[in-house]
Amino acid sequence: MDRRITLDEFIISNQHLNQNASGEFSGLLRHLGIASKIINRVVNKAGLLDILGLDGGINSTGDSVQKLDTYANELMIEYLKNSGICAGVASEENDEFIDFTIDSNIKSSYVVVFDPLDGSSNIDVNISVGTIFGIYKRLSHVDRPLDLHDFCQQGNKLVAAGYVLHGTSTMLVYTTGGPVNGFTYDRGIGEFCLSHPEMKIPEKGKYYSINQGYSNSFSEGINEYLKHMASNNTALRYIGSMVADVHRTLCLGGIFIYPGTLKSPEGKLRILYECNPLSMIIEKAGGKSINEKNQRILDSEVFNLHQKSSIIIGSKLDVDEVLLFI
Ligand code: AHG
């Protein structure tokens, strides 16, 4: 019988393989899977519900907030809080972290960082968006309130990272430090099913991905690299949803770059919610992820919740090629 392994079955059967995988950790992963399904249901029906358009607010990094951003954010927070196995969260949409231990007396060792709906400028026009998450072991004692250090950890301390791509099909891709596995959502049975075991990024790809419209404000090195790509007739693909652009890069190889610009000299993308989790996935799949100073993203020091970074991420040989120009 052709029967797919569901996400729950996979998590439970792998619990013993990972030193970090206590029942608590596995339970957290399963709750993230369930929250993703609920977000996916709303993203898919967005045009039918009064949930498209701007919410009216501006988030901590100065971006306009969409109604669906707010919905997905509140859902993730509520879901993780009610799980009883998450000590607290930091979200791209909130200025401060949220400590669940205070009023709910939760003793969990784990905190979750997430971007509830990445690429939200694409929502209203039915283009792929994503949810990104990372799980850290908290540094403070379980009997104490959380502090900033519990969240501002280097990416190399992540115990798990993943994303959900709400695309033509919905996929959840994650790693707990071993292989990267991809699960496709089967709407008929309401489950994520293992469809892409042990994903590997090709050593070299045929696409590059960057918002070339900002080239006037890129460094000379990045512009030299772009000229080189154009002279090779290399195809450009840019969706404007990092999850979707990185997912394509993971599957087909190639490179995604968001460099520093005049508007955001240090880069636009947030280390905690976007760069670190996606870098962990790409590295575990055999790729590479650095910033414009050729520092490994996962080794970046994190000083505040909304710190940004430039990023050059993708196939190893493609990332190395960029380094020849910068
Ligand atoms: P947000 O989470 O606020 O929607 O940000 C989207 C990010 C990322 O997903 C994408 O790669 C990038 O912003 C697109 O930015 P530009 O529009 O500047 O290219």
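Predicted model: local features only at pLDDT ≥ 70, side-chain atom pairs only at ≥ 80, totals over all residues.
Residues are numbered from 1 along each chain as its sequence is written, and side-chain values use heavy atoms, with hydrogens and water left out.

Reader: How far apart do the C-alpha centres of domain 1 and domain 2 lie?

Author: The domain bounds come from an automatic or database domain assignment. That gives domain 1 as 7–198 and domain 2 as 207–323. Their C-alpha centres are separated by 22 Å.

Reader: And how much area do domain 1 and domain 2 bury between them?

Author: Start with contacts, meaning heavy atoms within 4.5 Å: 48 residues of domain 1 touch 30 residues of domain 2. Buried area is the accessible area (1.4 Å probe) that two parts lose on being put together, summed over both. Here 66% of it is on carbon and sulfur atoms, and the total is about 2900 Å².

Reader: Which side chains meet in a salt bridge at 3.3 Å, N to O?

Author: The rule wants a side-chain nitrogen of Lys or Arg within 4 Å of a carboxyl oxygen of Asp or Glu. Across the interface of domain 1 and domain 2 it finds one such bridge. The pair that meets at 3.3 Å is E92 and R270.

Reader: Which residues are closest to the ligand?

Author: Counting a residue as near if one of its heavy atoms lies within 4 Å, 19 residues surround the ligand. A polar backbone atom of S120 sits 2.7 Å from a ligand oxygen, while an N or O atom in the Y238 side chain is 2.5 Å from an oxygen of the ligand. For Y258, a polar side-chain atom is 2.6 Å from a ligand oxygen. The closest residues are S120, N211, Y238, M242 and Y258.

Reader: How many residues apart in sequence are the parts that K107 and D143 tie together?

Author: The salt-bridge count comes to 13, and one of these joins K107 to D143, with the closest N and O atoms 3.2 Å apart. K107 is in the loop between α4 (101–104) and β5, and D143 is in the loop between β6 and α5, so the linked parts are separated in sequence by 36 residues.

Notes. Polar contact = N/O pair within 3.5 Å; in protein donor to acceptor, adjacent residues only side chain to side chain. Helix = DSSP H or I, 4+ residues; strand = E, 2+ residues; numbered from the N terminus.
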